[in-house]
Amino acid sequence: MTGPVDLTDLDLWARAVPYAEFARLRREEPVSWHAEPAPNSGFWSVSRYADIVAASRDTATFSSGRGVSFEEPTDEDMAARRTIIDTDPPDHTKLRKILSGSFSQRAVAVYQHFVGGLTNEVLDRALRDGNDEFDFVDAIAKEVPIRVLARIMGLPGSELDRFIDLGDRLIANTDPAVTDVVWGRDDTDAYRLYPFRSPYGKQLWDLGREVIKEKLREPGDDLLSTLLAAEVDGDRLTETDLDNFFSIMVIAGNETTRIAIAQGVLAFIGHQDQWDRLTAEPDALASQAADEVIRWTCPTHFMRRTATRDTELAGARIKEGDKVILWYVSGNRDEAEFRNPDTFDVGRAPNRHLSFGRGGPHLCLGAHLAKLEVRVVLAALARRVARFELTGPPQRIRSNFTNGLRELPVRITRTP
């Protein structure tokens, strides 16, 4: 009998998500302690759906204020790079109010025609001249989210490739195939005040400041202009606030949706019967299929909280200051919440997945936009492609935080 899996072993995650280990934890030890090498101090893993939701709701006990990753930052670190996801109410509520109207379901619906047209343009380029073999990540998955984000934020089209590159280096800051400054391997102390403890976080801030200068000269109806005009308790956002708002919107608004689209196609490659269902009824099934893709792929594997007091969760005695990891990727396969959770079902309903952070104030601000993009891309692909096949092994990101793919080499069979 094998022992417990080391959930901090990033090489393990580069091979596959350890679903079997999470199933064991849900059965045997749903809130379990895991030691870590120095200088880190260990963490609690929360693997059951109900416990993840309960902890997410109790922000007074399970705080986001010490960051959402395994890193253990100092007060100075947090002051320099705190984003909206690193705050608790009431501060979180005030910051969220600035942009929440722009991401409501009604506001996002306005972009459906634009996203549809953009998606068809991307597919036209990717599938031109009988091009039936390509890297799906590079040709399609990365193209739609960044261009939607550029429209909404008011980003310059000339810099989109640079935004993608910097976002990749930050979200995959543990993968030496993506970045040359690897957290956990290299000495990153010189960059500790920058996003993701990376010099590329500073580069993203600098790029954002150039974009913001242009917006100050010529405001528009985009999100950056909204941020520049916003006030919190009567004060405008500081340069640090703007730096961090900019970085989190670029990364969260691009990377996670790209992951869902790419990993979704990989899921359909392994479940041709579900792709056949979608191609037969793309309009009727696209919305449910999008939710199932987002549940199944779980682009962000976890969010970390920190206990503000001694407490108990599912019988585990958690001490003040302990790190608490909410494993969304495990909750999305919880047998107590989902019928046949290990079955990929494009008609699944209900589907109250955790991928957007259900249960508390940190529900993903861009959830409606992300689902719209995934839905539109899936429906457009379903009308053009009868079958996807792998032409080589997918290349996973070496990370236990993100479920990203670096490469997804595919061959398509076009719809007659």
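The following legends describe close-up views of a predicted model.

**Figure 1. Overall dimensions of the chain.** The secondary structure of the predicted chain amounts to 17 helices and 14 strands. Taken along the principal axes, its C-alpha atoms fill a box of roughly 65 × 60 × 40 Å. The radius of gyration is 21 Å, which agrees with the value near 22 Å that a compact globule of 416 residues would have.

**Figure 2. The five-stranded open sheet.** The strands are arranged in the order β1-β2-β10-β7-β3, and their pairing is mixed. At the edges stand β1 (31-34) and β3 (62-63), each of which pairs on one side only. The partner of β3 is strand β7 (residues 302-307); the two run antiparallel and are joined by two bridges. Within this pair, Phe62 is placed opposite Ala307 of β7. Helix α3 (residues 49-57) lies across β1, β2 (43-46), β3 and β10 (323-327), and runs at about 125° to β10.

Figure 3. Five bridges connect β11 with strand β14 (residues 409-414) in the antiparallel sense. Here Arg387 faces Thr413, a residue of β14, across the pairing.

Figure 4. Helices α5 (91-100) and α17 (367-384) each supply at least two lining residues. The greatest contribution is that of α17, with three residues. By residue class, the lining of the second largest pocket divides into seven nonpolar, eight polar and four charged residues.

**Figure 5. The largest cavity.** Rolling a probe the size of a water molecule over the atoms shows where empty space is left. The structure holds one cavity of 30 Å³ or more, and the volume of the largest cavity is about 30 Å³. This cavity is lined by Ser56, Arg305, Tyr328, Gly357, Gly360, Pro361, His362 and Leu363. Three residues of this lining are nonpolar, four are polar and one is charged.

Figure 6. Most residues other than glycine have a negative phi, and most peptide bonds are trans. A cis peptide bond, with omega about 10°, links Ala38 to Pro39. Pro39 is located in the loop between β1 and β2. Another cis peptide bond joins Ala349 and Pro350, where omega is about -5°. Pro350 belongs to the loop between α16 (328-331) and α17. Phe196, a residue other than glycine, has a positive phi, near 55°. The position of Phe196 is in the loop between α10 (160-171) and α11 (199-217).

Notes
Residues numbered from 1 in each chain as written. Predicted model: local features only at pLDDT ≥ 70, side-chain atom pairs only at ≥ 80, totals over all residues. Heavy atoms only, no water. Helix = DSSP H or I, 4+ residues; strand = E, 2+ residues; numbered from the N terminus. Nonpolar A, V, L, I, M, F, W, Y, C, P; charged D, E, K, R; others polar. 1 Å grid on protein atoms, 1.4 Å probe; cavity = no way out; pocket = protein on both sides within 12 Å on 5 of 7 lines; lining within 4 Å. Points joined across faces, edges and corners; volume = space filled by probe spheres on them. Pairing = 2+ DSSP bridges. Rg over C-alpha atoms; globule rule 2.2 N^0.38 Å. Contact = heavy atoms within 4.5 Å. Axes fitted to C-alpha atoms, helices over the stretch in contact; angles between N-to-C directions.
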